[in-house]
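Please look over the sequence and the model below before reading on.

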Amino acid sequence: GRHDDLSQTLSTIAFYLAGANAGFRKTLLTVYEDPALANSTNFAATFDQLLKDPLLNAQVESDPLALPRILVVDALDECKDADKLAMYLVKLARRAKQWLKLIVTSRDFPFIRQELKRMESLKEFDLYADDLAHKDIEKYLKQRIHREGLHYLQPYETALAKKADGLFIWIHTAVELIKRKRIGREGLIKRILEQTIFGGDE
């Protein structure tokens with residue numbers, strides 16, 4: 001990846017926050033007039049310009065019944081510089097706690113957990129607790145087999161659900177690949193179940 005991956009992520013977050021808060025948006029517009037921002041490799045300075053400073057001018061909703069804005073960061077563990085991004089998300093949550101709620105999904109990597117633990121009022125939900133994700137994937141696979149007539153998947157139903165390891169994108173991709181394979185379909189299924197790169201067994 002390039003050095004600007006994290007900066008691009010911070011810019012994307014700033015863009016969505018600007019749409020949610022007029023005070024934030026007004027300050028951010030002046031920031032984008034600075035040509036130095038485009039070439040900056042200083043992530044701390046980028047965070048200050050794109051998020052910290054505009055958040056100082058963000059307008060807090062006067063209506064006590066108004067719902068907070070929600071920002072979802074999906075698959076944090078798959079982001080480049082995930083540890084740095086986690087650190088900035090914690091800073092963001094602290095500075096915008098009056099009007100912004102963060103939902104972060106990630107595999108439980110120690111370096112990510114260490115950063116997110118610093119977030120105030122952190123609430124954790126383990127998708128693997130009580131095997132909820134696995135059960136949902138089994139249900140999803142059963143429904144697709146029944147609805148689309150994918151009866152050739154039935155002998156491998158349990159194995160595919162287990163191989164998905166809680167990842168819906170995995171089971172969806174696997175089913176789509178298998179559907180497109182008209183000849184040698186059974187061989188493809190067995191290869192998918194045996195390999196480790198494509199699936200959740202790493």
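What follows takes a helix and its surroundings, then turns to salt bridges.

This is a predicted model, in which local features need pLDDT of at least 70, side-chain atom pairs count only at pLDDT 80 or more, and totals for chains, interfaces and linings use all residues. Residues are numbered from 1 along each chain as its sequence is written, and side-chain values use heavy atoms, with hydrogens and water left out.

Helix H6 covers residues 132–148; helices here are DSSP runs (H or I, at least four residues), numbered from the N terminus.

Which residues of H6 are buried? They are Ala-133, His-134, Ile-137, Leu-141, Arg-144 and Ile-145, where buried means under 20% relative accessible area, exposed over 50%, and partly exposed in between (1.4 Å probe, protein chains only). Viewed down the axis of H6, these residues fall within an arc of 110°, so they line one face of the helix; the arc is taken from the directions from the helix axis to the C-beta atoms. That buried set packs against helix H7 (157–164) and helix H8 (168–180), contact meaning heavy atoms within 4.5 Å. Lys-139, His-146 and Arg-147 are exposed on the other side of H6. Just after the helix, Gly-149 has a positive phi of about 65°.

Arg-144 counts as buried because its relative accessibility is 4%. Leaving aside residues up to four places away in sequence, Arg-144 touches Gly-149, Leu-150, His-172, Val-175, Glu-176 and Lys-179. Arg-144 also belongs to a network of salt bridges that links Arg-147, Glu-148, Glu-176 and Lys-179 with it. A salt bridge is a side-chain nitrogen of Lys or Arg within 4 Å of a carboxyl oxygen of Asp or Glu.

Side chains of opposite charge can pair when their charged atoms come close. The whole structure holds 12 salt bridges. In one of them, Glu-124 pairs with Arg-113, with the closest N and O atoms 3.0 Å apart. Glu-124 sits in the loop between helix H5 (110–116) and H6, while Arg-113 lies in helix H5, 11 residues apart. Glu-124 also meets Lys-117 in a salt bridge of 3.0 Å, N to O. Glu-124 is partly exposed, at 49% relative accessible area, and Lys-117 is partly exposed at 48%.

Key: Helices (H or I, at least four residues) and strands (E, at least two) are DSSP runs, numbered from the N terminus.
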